[in-house]
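This briefing concerns the architecture of a two-chain model.

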There are 2 protein chains.
Amino acid sequence: MKSYEISVIGLGLIGCSIVAGLKKNGFAHKVLGMDIDHEHEQQALKCGLIDEIVNIEQASKADIVIVATPVNVSARIVKTVLDISGGYTTVMDVGSTKKNIVESVEQHPAYRRFVPTHPMAGTEYSGPLAAKDDLFQGHTVIMLPYSDGDKDKEALVEQMYRTLGAEIVKMTPEKHDVSVAYVSHISHISSYALALTVLNKERSEENITNLAAGGFASTARLAKSSADMWVPIFTENKDAVVDVLDEYIENLILFKHAIKSSNADVVRTLITQANKVREVLDRNKK
Amino acid sequence: MKSYEISVIGLGLIGCSIVAGLKKNGFAHKVLGMDIDHEHEQQALKCGLIDEIVNIEQASKADIVIVATPVNVSARIVKTVLDISGGYTTVMDVGSTKKNIVESVEQHPAYRRFVPTHPMAGTEYSGPLAAKDDLFQGHTVIMLPYSDGDKDKEALVEQMYRTLGAEIVKMTPEKHDVSVAYVSHISHISSYALALTVLNKERSEENITNLAAGGFASTARLAKSSADMWVPIFTENKDAVVDVLDEYIENLILFKHAIKSSNADVVRTLITQANKVREVLDRNKK
C-alpha cells in the first residue's frame, strides 16, 4: 500500500481518530496537525497522533489535507487550503452538514480537488484524548463528490476510508442534510432537552445517578456532546432540523394526551408503531 | 450461605435475570416459575432458569415469591399469594411504579410479609431468553419497605439483592414514583417518540440504518421496549409522567425557537446547561 503525508486541521475526535487509524495501518507515514486550541495541538503531539505542529501554509503541502473543524468555519479553511496547495493535494472535510460547504467551495477555481465527506461515527467525547483508531470500523462514511470532481482524488479518499474499515455511501448534499437532520441531529436535540428537563425536575443529583440505569444514561448520553460542534450544525441545517423537531413535538403531545386521558389503547398503538424501529436498527447487526 | 426455594411469577427479563443470578451463586437451590405465556414457561424451563412449571398454589409455598408481572396486575397477584402462603413466605415485587401497589397491598392482613422493590436495571429486550445472570451487578435496587413491615423478610430480600451485586437505596413510594418518572419514564417516551418521528420522516429504512451511528441507535434503543410492560407504567404513573413530559416539550420548543431564529447564543446556552449531565452520569463510573 502506498503511504501518504497527511495534514489535519482541527484536532478533534474525528480528525484525530482518522489519523490514529491511518498511522496504525500505514496509510499515513507522516501526519501534520494544527488547531486553534494549542493545548489540543500539544496533546495530539504527545500522544503521537501527529508528528509535527504546523501552520496552514505547511499543512497545505501534504498529499491529503483533512479539514475537521466545526462546520461554520470549514468552508473558509478549505478554500484557503485550495489557494495555497498544489495540484497534487487532495482536500477533504468531515463535517456533519454538507449543502453550505459544497455550494461555497464550488465557487473556488480549484474545487475539483475538494472531496466532501461525512463519516457517521463519533462518541459524546471530544478532543485528541478521545481519539479511537477503530472509530470508523464497520461504520458508514457518506461521500458527496462533485459530479465533475477529480476522480483520482475521490478514489484516494474512498481508499483511505476503506483502510479504516468504513463502508462508503454516496449521496447528494441536499439529501444528506435532510437525512442527517432526521436521524442524527434530532437525536442530539432530544437528548439535550431530556438532560435539561431531568436536571431541572429532579433536584437530587444522587437520585439521578442511582436511577440512571433505568434508561436515562443511554438516552442522555448524547447530551454530553460539545456546543462548539453542535451549535453550528443546528443553525446551518436549520430548516430540516426545525421541520423534524416540529414532528417530534407533535408525537410527544400525542403521547401526553393519550397518557393524560388514560387511553391505554392509544398508548399501546404508539408504542407498537415505535417498536418497528427494532428491525431497522437490528440490520446493523449483520 | 443459606439456600432457598424461590418462585417467580412472571417469567420476563427481570424475574428470570434474578433467578439466573441466584441459581448461579447458590442463593436459590430450587426455582419454581409460572407465566400466562406458556411459551415463556417452556423457554425458562429449557434454559434451566426454572426447575419446574407450577400453578399459583404451588408457587406460594416457596420461601420467597417474586412477583415480576406488568404493574397493572402485580397488586392482585401479590394479594393472592399472601392469601395462600404461610407466615414463613416472603413476597416481593419488582415493578417500576410503587405507590399503587404499596397502598393496595397495605389493605391485606398479611401485608407485613410483602417487600416492595424496584431494581433499576434492564435492557430493551424481554422474556426469558433475554435474561442475564449479571444484570444487577453494580446497579441500584430501590426498596420501599413498610415502616411496620417484617424486618426479617426485608433483610432477606436485601441480602438476596446484595448477592447479585446490587446496591440498596430505600425510598418512599411517593418519592420513588416521581423520581422514576423524571429519570426513567420520560427517557422511554422520548425514545418512542423519536422512533415514531424518524420512521415517519425518513422513508428510506436503509438510510436510517446507515446513519444510525450518528446518535440515533443510542437514543432510540429504548424504543424497542415492550408495550406490555410500559403501557401500565405510564398510565399508573400518569400525573408525574405528564408533568415531566410538559417540561420536556417546553425545552424542545425553546430549542426550536432558538434554532429557527438562528440565535446561536441561546442554542449554546441550552447545550452548555445540558452538558452538566456529564458530571451526574459520570458518577456512575466509580
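Chain A of this predicted model has an average pLDDT of 94, and 99% of its residues score at least 70; pLDDT is the predictor's confidence in each residue, from 0 to 100. For the complex, the predictor gives an ipTM of 0.88 and a pTM of 0.86. Residues are numbered from 1 along each chain as its sequence is written, while chains are lettered from A and ligands numbered from 1 in the order in which they are written. Local features need pLDDT of at least 70 and side-chain atom pairs count only at pLDDT 80 or more, whereas totals for chains, interfaces and linings use all residues.

**Domains of chain A**

- The domain assignment divides chain A into domain 1 (4-171) and domain 2 (175-282); such bounds come from an automatic or database domain assignment.
- The centres of domain 1 and domain 2 of chain A, taken over C-alpha atoms, are separated by 30 Å.
- Contact between the domains of chain A involves 14 residues of domain 1 and 15 residues of domain 2, two residues being in contact if their C-beta atoms, placed from the backbone, lie within 7 Å.
- On the side of domain 1 of chain A that touches domain 2, the elements giving two or more residues are α4 (71-84) and α5 (99-105) of chain A. Helices (H or I, at least four residues) and strands (E, at least two) are DSSP runs, numbered from the N terminus.
- That side of domain 1 of chain A has five nonpolar, six polar and three charged residues. Ala, Val, Leu, Ile, Met, Phe, Trp, Tyr, Cys and Pro count as nonpolar, Asp, Glu, Lys and Arg as charged, and the others, Gly among them, as polar.

**Interface between chains A and B**

- Chain A contributes 83 residues to the contact and chain B contributes 84 residues.
- Helix α7 (173-201) of chain A is among the elements that each supply at least two residues of the side touching chain B, and α7(A) gives the largest share, 21 residues.
- By class, this side of chain A has 46 nonpolar, 24 polar and 13 charged residues.

**Helix packing**

- Axes are lines fitted to C-alpha atoms, for helices over the stretch in contact, and angles run from 0 to 180 degrees between N-to-C directions.
- A:Tyr192, A:Ala195 and A:Leu196 in α7(A) meet B:Leu270, B:Ile271, B:Gln273 and B:Ala274 in α12(B); these contact residues divide into six nonpolar, one polar and no charged.
- Within chain A, the axes of α11 (residues 238-260) and α12 (residues 264-274) come within 8 Å and cross at roughly 150°.
- A:Leu254, A:Phe255, A:Ala258 and A:Ile259 in α11(A) meet A:Val266, A:Val267 and A:Leu270 in α12(A), a contact of seven nonpolar, no polar and no charged residues.
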